[in-house]
Amino acid sequence: MTDANADSFEAFLQGWRVRQRGYLDELLSAQQHYHELQDDDVKQLINRVVCHYGQYFEEKSKIAHQNVLLVFSPPWFSSLERTFLWVGGFKPGVAFQVVNAALEVLSEEQKERLSLLNQETKVKERALNDELAKLHESVAAPPLVDMARSHGRVCFSRSFMAEGGSSVPSTFRETLENLVANADALRTNTSLKIFQILRPSQLVSFLVAVAELQIRIGSWGLDKDALNGGQG
């Protein structure tokens, strides 16, 4: 990937984050005045927020197609944000933690459905971890293979990253790209299934919590890197 492409994505992300803060303001307002809103207004807001996240995944998939290695160590993220990466993004199971933290009241049926979905998601996460570890084994030492299997992370050398992975077969890069695509699909599908379980008012609270968490981590990460002299 050229620097121009990386800069282009970083510019997109900056704009995306500005829009995210705008949507957060709308969600907070809807949360505070929910009973004054029409159902259609709430649904339209939720759909706009979902489309907003969809735009991020679309742009990220383009970057992954150009140089998938950058998705595993994105220069546009702070060092703190990069510690949360799992196969090029957040771990799908984090969504369940957000639900539990944001929603105090869930029906027994909702709890059961969420529990089943959580178990199903964990199985798929483990399968992707194993695939990544097997792939990583061909270019990394055993300790790093263990890390990939346990955490869904890979640690390429600086020279390897600088070469864009040109020293490895194209089949390796294609397989890695497919893994990221599958992980993104699991992230998306898990979130959509959670949406089907929650009521509209609960969805608003869930989306508020997701946005606040992302913004908080991003802010903390920038502050941390600034204290360390910008060494992300």
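## Packing of H2 and H9

The axes of H2 and H9 come within 10 Å and cross at roughly 170°; axes are lines fitted to C-alpha atoms, for helices over the stretch in contact, with angles from 0 to 180 degrees between N-to-C directions. The two helices are therefore roughly antiparallel (over 145 degrees). Helices are DSSP runs (H or I, at least four residues) numbered from the N terminus.

From H2, Val 50, Phe 57, Lys 60, Ala 64 and His 65 contact Glu 177, Asp 184, Arg 187, Thr 188 and Phe 195 of H9, contact meaning heavy atoms within 4.5 Å. By class, this contact has four nonpolar, two polar and four charged residues (nonpolar: Ala, Val, Leu, Ile, Met, Phe, Trp, Tyr, Cys and Pro; charged: Asp, Glu, Lys and Arg; polar: the others, Gly among them).

The model is predicted: local features need pLDDT of at least 70 and side-chain atom pairs pLDDT 80 or more, while totals for chains, interfaces and linings use all residues. Residues are numbered from 1 along each chain as its sequence is written, and side-chain values use heavy atoms, leaving out hydrogens and water.

## Packing of H2 and H10

Helix H2 (residues 39-66) also approaches helix H10 (residues 200-227), the axes coming within 10 Å and crossing at roughly 35°. In H2, the residues that meet H10 are Val 42, Ile 46, Val 49 and Tyr 53. This contact has 10 nonpolar, one polar and no charged residues.

## Lining of the largest pocket

H10 gives the most to the lining of the largest pocket, with 10 residues. The lining divides into 23 nonpolar, 12 polar and seven charged residues.

Notes:
Angles under 35 degrees count as roughly parallel, over 145 as roughly antiparallel, 65 to 115 as roughly perpendicular and the rest as oblique.
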